[in-house]
Amino acid sequence: MISKALIAASTKPLILSILLDGETYGYRIIKQMRFLSGGHLEWSFGMLYPVLHRLEKEGFIASSWKSPNKERLRKYYRLTDAGRRELEREKSQWLAVSTIFSRLWVSTEARS
Amino acid sequence: MKKRLTRAFDLDTAIAEWSRKLRHSDALEDGTITELEAHVRDEVEDLIRQGKNPEEAFREVTASVEAPDAIGAEYSKSDSRGLLPVMSGRTTGFTPALFLNSIKVSLRKMRRQRWYSLINISGLAAGMACSILILLWVRNELSYDRFHAHAGDIYRLVMEDHRADGVSFHPWLPFPVGPALKNDFPEIAAVSRWAPEDMVVRYKDKAYTETEFLTVDPAFFEMFSFRFVEGAATRALADPASIVIRDTVAPKYFGDENPIGKVLNLSDRADLTVSGIVHIPDNSDFQFDFFFSFRAYPLFGVDLTTYEADWKGFNYQFYLLLKEGSSADLLERKISGFLKPHVPDRKRVLRLQPLRRIHLYKPDGTDGAMRYVRVFSLIAGFVLLIACVNFINLATARSEGRAKEVGLRKTLGGTRGQLIRQFFSESLLHAALALGAALLLVGLALPFFSRITGRRLGLDLGHAGIAGGIAAITLCAGLISGLYPALFLSSFSPVRSIRAAIHRGGRGVLLRQGLVILQFTLSTVLIIETLVVNSQVAFIMNRDLGMAKDNLVYVLMQKKSRGSVDVLRQELLKHPGIAGVSSSSQLPFDLVGWIGYLDWEGRPADRQVYFSFMSVDHDFARTCGLNFLLGRDFSRDIPTDAENFIINETARRQMGIKDPVGKQLNFLGRKGLIIGVVKDFSNRHVAFATAPLVMTMDTRNAARSYLLLRLQPGNPSAALEHFRKAWRIINPGFPCEYHFLDESLNLMYANEQRLSRLFFSFAALAVFISCLGLVGLSSYMAEEKTKEIGIRKALGASSGQIVSLFSMNFIRLVVVANAVAWPVGYFIMRHWLQDYAYRTPVEFPVFALAGVIGLLTALFSVGWQTLRAAAANPVESLRYE
């Protein structure tokens with residue numbers, strides 16, 4: 001399982017990345033995360049929705065009420081331009097950290 | 001097996017219960033709860049699909065959720081930057097729950113203020129009903145002959161005729177023009193000629209005089225897409241001896257028989273076989289009952305080749321079908337001088353008029369019926385605006401009451417946007433409710449409206465254009481009504497609005513007064529127009545025609561019945577009820593055609609007069625009651641009168657001769673003397689000036705198109721019975737059909753009468769709606785000033801004084817409205833009257849009357865309310881002070 005601190009740090013870039021594929025609603029985001037992480041990362045909705053709410057207030061995502069195919073009314077979220085820029089920023093940071101780890105771990109394995 | 005003792009689990013109830021708990025949390029807005037609920041439902045459905053039962057699924061989903069408080073806390077955290085985190089009032093986009101709330105509040109408001117809502121809704125309903133009716137009419141007018149598959153490629157030939165007295169446009173052209181054009185210009189795919197006829201149609205023992213005959217070329221039904229109920233359009237007129245009849249007349253002749261293949265006899269001259277039954281829609285200008293081909297002429301004993309070489313008789317209309325993709329402009333330029341080599345006497349330019357413009361525009365391209373489309377669209381807008389003004393006035397007048405609400409909402413975090421939405425939803429709700437009533441009104445008024453417009457109109461809500469138009473009218477009404485109140489009321493500052501009352505007056509009052517002036521200006525303009533149109537109609541109807549139009553009966557004669565005039569006269573004059581019998585080539589009140597200019601003794605070289613011409617007999621002037629200014633009537637005792645002429649007053653004036661009697665006139669190669677001048681009688685539609693007229697005596701059958709009977713005043717039935725009997729004996733087989741001349745004259749002015757009734761209806765409606773608004777405003781004022789009235793009464797004022805005091809305010813506005821409306825109405829009506837050569841004077845009494853009508857209705861609606869307030873016992877109103 002992934003630690004709470006790491007979840008908290010990664011939620012925002014993960015949500016923004018998922019929305020990169022197009023607009024979607026909360027439950028679908030949770031399902032997709034469950035699938036992508038192979039069950040390692042389980043978001044509760046009590047956590048997700050307030051984050052979505054915050055991201056929207058910060059202007060990174062925008063929402064609208066829709067019911068395509070006459071299904072139930074759902075709130076769909078999509079990435080804004082500001083959100084795209086924010087994701088770029090986050091991405092470069094995560095990539096930097098990831099590069100450091102991989103370099104570190106490759107060399108330690110080689111030594112042992 | 002363990003038996004379940006607990007109550008059956010119901011998923012919906014469980015979810016409702018769960019979301020109800022969420023509602024306790026202050027941090028969660030309605031929208032958020034809706035979102036969370038959707039999530040729970042989605043996930044529960046997924047689990048059920050995986051095989052869980054609903055209860056397990058629900059418990060699993062909600063177990064993973066923190067307590068409602070915790071969710072709320074999370075949200076608060078993310079909102080924590082605001083000072084008042086919970087009541088930020090910011091909503092995310094469109095929130096369904098909030099919208100429902102707006103409607104709920106609006107409905108509550110309406111229930112509490114039934115009286116005002118009633119005024120608003122009935123005013124809006126009347127205004128919208130009027131707009132919807134006009135919409136239906138306008139749509140119908142705009143749809144004429146647009147249903148043809150080739151409508152965009154069909155053109156009518158029009159001639160721009162340069163006469164010495166000016167340029168005129170008309171569609172009448174010589175017989176050979178069409179085929180010649182088709183021969184020369186490959187872009188013309190098909191041509192059909194067109195000439196109206198009248199015939200007696202006989203089938204077995206049934207015979208009727210039919211006036212809606214059309215002679216066409218066989219291509220006609222291929223160019224125009226009329227639907228054939230029986231037979232085929234392409235072959236319908238292939239055989240010269242065939243005839244196509246309209247579906248509506250078929251039963252008159254054939255009853256239940258199948259008409260196809262049956263033979264109709266036309267005026268005892270030719271037999272044609274029915275080859276098709278065609279349906280002509282109401283929105284077509286081709287309202288004819290019988291169609292046959294010019295190639296049938298030989299069957300009538302008419303030699304077609306003489307027609308085909310005749311470039312002098314301008315009696316036919318031509319419709320051209322252009323090949324797809326060819327340019328009408330280009331063709332018009334190429335054909336413009338086509339007539340010159342054939343009829344070189346003066347400049348005649350051929351032009352093309354698109355089929356789609358024929359109904360609405362005159363041949364010269366200027367507005368015809370289009371003018372009324374514009375005028376009535378404008379009126380629809382006016383009446384709707386008047387109704388919206390009521391809403392605006394009442395909403396702003398009552399703004400004090402709303403100010404507190406606005407203040408409270410703002411203090412609690414409501415934004416201006418939310419308030420604007422609230423007010424708009426109120427006005428839209430009013431408009432929506434009014435729509436229901438309006439549709440009901442339209443349904444009730446439609447038969448009446450169809451009758452006065454002379455059009456069969458239907459309210460087809462399934463039609464996209466009509467439904468869209470109605471939706472647009474509703475939206476317009478809602479938005480116009482709501483716009484000002486929304487912006488004005490939402491601008492109140494909370495501090496000012498909660499402190500006592502907002503200062504009265506200023507912007508609001510001025511605006512209300514302005515709008516009342518606007519309402520009454522529009523209403524008064526409509527009243528003035530109604531009065532002027534009415535007085536023009538009365539003027540037309542009561543005008544001295546220069547002849548005795550009452551008790552004059554005419555019969556349309558057929559070629560074979562014309563020979564019987566002399567025998568009929570002898571027989572008819574035996575009856576004491578018949579004072580005179582005559583015949584003429586045209587109906588004296590509706591002359592058509594002209595004959596170019598004549599030469600007369602002493603004509604200055606530069607003077608040309610275009611005369612109308614009518615053949616009459618010895619008894620014409622006497623039978624019609626014409627008065628001679630100079631000279632004498634034709635006489636049976638003077639044989640040379642067969643060569644002589646009688647002219648009318650206008651002809652004398654245009655010829656410029658003081659005493660033309662005895663002067664020689666050269667008429668189509670016939671030289672004769674002018675023996676008399678008759679006082680002008682109305683010989684054309686009142687739109688046109690009386691035409692200069694030459695009457696010759698022509699007792700040949702060709703000139704006896706109409707038989708005229710002068711009946712003695714009193715009951716005409718005995719005389720008519722005698723006429724019918726004589727007719728049956730002398731003209732067996734020809735239907736005996738007669739018309740009263742004064743009735744036909746009335747028909748001639750049906751348009752004007754229609755117009756006057758329409759104006760009357762709209763003006764009455766506008767005045768009614770304006771007064772509704774005044775009733776609302778004055779009752780509000782009376783309510784607001786109850787105490788003032790009480791004090792005034794306590795100090796000795798009488799009810800009358802109070803009523804006049806309060807009425808004065810409104811009367812002033814109506815007076816101002818009149819000052820604006822009079823010149824506007826005057827200019828509009830002067831413009832309209834330009835269409836008539838003879839017109840009623842537009843004088844002060846008309847305006848005064850319009851003013852008085854406006855004032856009285858205003859006084860009545862204001863007085864009614866203030867009187868009620870003024871009559872109240874002052875003790876009642878002052879008790880609480």
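This is a predicted model: local features need pLDDT of at least 70, side-chain atom pairs count only at pLDDT 80 or more; totals for chains, interfaces and linings use all residues.
Of the 112 residues of chain A, 21% count as buried, where buried is taken to mean that 20 or more other C-beta atoms, placed from the backbone, lie within 10 Å of the residue's own. Residues are numbered from 1 along each chain as its sequence is written, and chains are lettered from A and ligands numbered from 1 in the order in which they are written.

Staying with chain A, we find four helices and three strands, these being DSSP runs numbered from the N terminus, of H or I over at least four residues for helices and of E over at least two for strands. Their order along the sequence is α-β-α-α-β-β-α, and the C-alpha atoms of chain A fill a box of roughly 60 × 30 × 25 Å along the principal axes.

Turning to chain B, an automatic or database domain assignment divides the chain into domain 1 (11-88), domain 2 (100-143 + 367-504), domain 3 (151-358) and domain 4 (552-748). The centres of domain 2 and domain 3 of chain B, taken over C-alpha atoms, are 49 Å apart.

Finally, let us look at helix 25 of chain B, residues 786-794, where B:I789, B:G790 and B:K793 are buried. Seen down the axis of helix 25, its buried residues fall within an arc of 100 degrees, and so they line one face of the helix; the arc is that of the directions from the helix axis to the C-beta atoms. After helix 25 comes B:G796, with a positive phi near 110 degrees.

Definitions and conventions. A residue is buried if 20 or more other C-beta atoms lie within 10 Å of its own, exposed if 12 or fewer, and partly exposed in between; C-beta atoms are placed from the backbone.
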